[in-house]
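Please consult the sequence and the model shown below.

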Amino acid sequence: PPRPPKVETKNLTQYDVTVILLDSLSYTQARRSLPRTISYMSNHMDAVIFPYINKVDWTHQYMCYVFKDNETSMFHEFQNYGYKTFLAEDWAKGTLNYPNCKGFDKPPIDHQMRPFQLALQGRNSALSVTKQHLRATTMCREHHHTLLEYLGQFYDAYPDQKKFSWIWPSMLGHDSENGFSHSDNDFYNFLVKHRKKLENSFVLFMGDHGLRFGNFRKTSVGSLDVNNPFLAMSIPKALRNTTELLDFMKANAMNLQTHFDTRATILDILKYQSASNFTETEPHQIPGEKGNSFFRKQPNTPRSCKSLPILFQYCICQFAKVKAHTNSTVAISIGKTISSEINEQIKEGNFTEK
């Protein structure tokens with residue numbers, strides 16, 4: 001049944017939001033491996049591709065040891081606005097629970113793949129009949145096929161309700177640079193099959209980072225790819241010629257962005273643009289958020305790894321490097337600062353005697 005929204009929505013212009021996130025999919029990896037999918041999104045969905053997305057990070061301490069129920073969750077937010085919600089991953093632990101993290105105590109998601117994954121992979125709960133029928137060697141099926149089918153069923157189950165859906169296939173490309181290429185037709189066929197429904201949806205096809213393992217990671221291209229996740233985004237057909245959303249997206253795509261900005265964009269869709277019929281263009285800093293929406297003018301400050309919340313070791317910007325003499329004023333100053341900071345941390349940790 002429809003969920004009564006906790007927020008007044010009768011004056012909002014609401015659209016579905018679909019996120020397809022392929023684990024370890026970088027910008028150049030997507031261009032190499034998924035040409036048909038990207039071509040379809042660009043030519044038939046008017047998608048904007050963001051070449052300069054920079055990887056960001058969460059601390060293990062923040063992510064792992066406290067239930068996320070009291071945190072600001074996009075699934076909670078969309079439920080409050082009356083949306084049906086969906087999350088499907090292809091491994092039992094899942095991103096929010098790996099390796100031994102708490103995740104959600106009461107998941108704020110209407111339809112979730114995890115119970116099925118536990119039935120397949122759980123140490124004490126997996127059913128032998130399930131394993132037998134879903135084993136890839138006997139079914140000639142892969143995990144992402146199941147996720148896409150499940151997502152299609154979700155679309156069909158709620159034709160008259162607003163939907164927020166997120167799939168996160170990890171098995172395809174997490175461990176190999178060759179994992180994505182054979183799936184190109186699968187994602188292309190999914191977009192074509194559900195094209196009518198997706199014309200009424202914001203669609204984000206993206207990665208979280210590039211490949212983090214193997215010999216490719218050790219190359220110069222691999223060292224850049226790992227910090228440069230892919231993002232292509234399309235907007236509902238009704239908004240493509242009647243608003244300025246595409247113009248601002250194309251302009252912002254030429255600047256350095258992060259998934260903090262992607263998150264701010266999704267929240268902008270839900271809370272702010274929907275209240276103005278998607279006509280807001282002035283900068284707006286969403287309370288508590290680190291990013292800025294792709295649909296608006298972004299702050300005038302230069303967008304660099306210094307001004308954005310990007311750790312220096314993840315920065316994709318290329319800088320000229322000059323060797324400095326170790327006895328120069330700058331080198332000595334840096335050395336003193338670092339040693340002073342380390343000594344302070346040694347004191348704070350009560351390791352002085354060691």
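Lysine 271 counts as partly exposed because its relative accessibility is 22%; buried denotes under 20% relative accessible area, exposed over 50%, and partly exposed the range in between (1.4 Å probe, protein chains only). The model is predicted: local features need pLDDT of at least 70, side-chain atom pairs count only at pLDDT 80 or more, and totals for chains, interfaces and linings use all residues. Residues are numbered from 1 along each chain as its sequence is written, and side-chain values use heavy atoms, with hydrogens and water left out.

The structure holds 13 salt bridges, each defined as a side-chain nitrogen of Lys or Arg within 4 Å of a carboxyl oxygen of Asp or Glu. Three of them are tabulated here.

| Pair | Closest N to O |
|---|---|
| Lysine 271 and glutamate 77 | 3.1 Å |
| Arginine 263 and glutamate 289 | 2.7 Å |

Helices are DSSP runs (H or I, at least four residues), numbered from the N terminus. Glutamate 77 is buried, at a relative accessible area of 13%.

Aspartate 261 and arginine 303 are both buried. Arginine 263, at 21% relative accessibility, is partly exposed, whereas glutamate 289, at 14%, is buried.

Threonine 281 lies in the loop between α15 (259–272) and α16 (329–348) and is buried at 16% relative accessibility.

Notes:
Helix = DSSP H or I, 4+ residues; strand = E, 2+ residues; numbered from the N terminus.
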